[in-house]
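Here is a short report on how two chains meet and where open space is left. Look at the structure first, then read on.

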2 protein chains.
Amino acid sequence: MFLSTTTNNRDAKGRVSVPADFRAVITAQAQGRDAAFDGIIVRPSFSGECLEGGGEQLFEAYRASINALDYFDPNREAMEQAIFGESRRLPFDSGGRVSLPHDLADMLGFNGRVTFVGLGDRFEIWPPEVHEARAVQMRKLASENRHLLKPITPVMPAMSQKS
Amino acid sequence: MFLSTTTNNRDAKGRVSVPADFRAVITAQAQGRDAAFDGIIVRPSFSGECLEGGGEQLFEAYRASINALDYFDPNREAMEQAIFGESRRLPFDSGGRVSLPHDLADMLGFNGRVTFVGLGDRFEIWPPEVHEARAVQMRKLASENRHLLKPITPVMPAMSQKS
DNA sequence: TTGTATCCCATAAAAACCCATGTTATCCCA
DNA sequence: TGGGATAACATGGGTTTTTATGGGATACAA
């Protein structure tokens, strides 16, 4: 599960460190599957304001979801284009960095620093200022609607007490 | 189940001992799941006055709850941001401590001592003075409204006492 | 060449790890 | 039931490892 928010530098070569715990999540996902690719996959979000990213697992999930659509459904083609056509593999270098292509950086307005936001199954990459402004709003909205969150912690399966 | 209230020191390195019985709860939860992570996860509460924390189980429950929201519900994005984006994994060291990041400590006003309050499925972390003041009010409010508590003690299935 | 991507090495700061100690709680046994 | 032995816990400090980050050297393509 991707958690927390981290802001890292994007250097002159376009390289950015992927937060270590994100890397750990991806590496863990990579176990238990053929998993050749060591890196992240990103694509412009539907809103166009940020990049959406994850490991190969996330995009496998998208594939399964898209495969559930009818083969000749025009929406399917649109999804295929938007999800698969627009995404990029960004391999880790030896230090756990990826290089964020210039065209994507330009599109999103990255200038020096980028913010990784963990969102459970996936993460997003934002220009720090844009994210900060948005986070304030989201926090407010979430707080106002927190009743939507059902605290559904499962009852534990008979915790075995030792004698 | 997280129970009781404990106040521990936060040392110069930002380390705080998680109460031993809280650790026991988390360890017990960690059995019976893949459970790689050994530690707690915390995030600023909606009120912003304290940290809310729990084991990975709590946040899995949040995930399930959030997944139940419609994919394009703006509330869902807000929840993802507020819950996942703002939370942090705090791994235990060998002595059962976590290090409480400076930015969170500053945000909440921790200066040396922190209070863990068990709340059943989760716990909260407060500056001791703030918690103490609040506890008085809560106690009063709870007392005034104690009629809301249904007497739910289940009828015990004839507990067989020997001797 | 010139720009771009990849690989390797260096480093300061932060995080994780290891060991030590006083104090409290728990156990055991007479 | 008293009290000493034992274990568990909270806490401190030093050391090692990771992490984020920079820069140079190399390979490739436009």
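How much area do chain A and chain B bury between them? About 2,900 Å², with 62% of it on carbon and sulfur atoms. Buried area here is the accessible area (1.4 Å probe) that two parts lose on being put together, summed over both.

This is a predicted model, in which local features need pLDDT of at least 70 and side-chain atom pairs count only at pLDDT 80 or more, while totals for chains, interfaces and linings use all residues. Residues are numbered from 1 along each chain as its sequence is written, chains are lettered from A and ligands numbered from 1 in the order in which they are written, and side-chain values use heavy atoms, with hydrogens and water left out.

**The interface**

Chain A brings 30 residues to the contact (heavy atoms within 4.5 Å), and chain B brings 33 residues. The rule finds 4 salt bridges across the interface (a side-chain nitrogen of Lys or Arg within 4 Å of a carboxyl oxygen of Asp or Glu). One of them joins B:Glu77 to A:Arg134, with the closest N and O atoms 2.8 Å apart. On the side of chain A that touches chain B, two elements give two or more residues: β7 (113-118) and α5 (128-144) of chain A. Helices (H or I, at least four residues) and strands (E, at least two) are DSSP runs, numbered from the N terminus. The largest share, 8 residues, comes from α5(A).

**The pockets**

A pocket is an open set of points on a 1 Å grid over the protein atoms alone, where a 1.4 Å probe fits, with protein on both sides within 12 Å along at least five of seven lines; lining residues have an atom within 4 Å of a point. A volume is the space filled by probe spheres set on the points, which are joined across faces, edges and corners.

| Pocket | Volume | Lining |
|---|---|---|
| Largest | about 790 Å³ | 30 residues |

Which residues lie nearest the centre of the largest pocket? They are A:Phe46, A:Glu52, A:Tyr62, B:Tyr71 and B:Phe72. Among the elements that give two or more residues to this lining are α2 (56-67) of chain A and α3 (74-85) of chain B.

The most lining residues, 5, come from α1(A).
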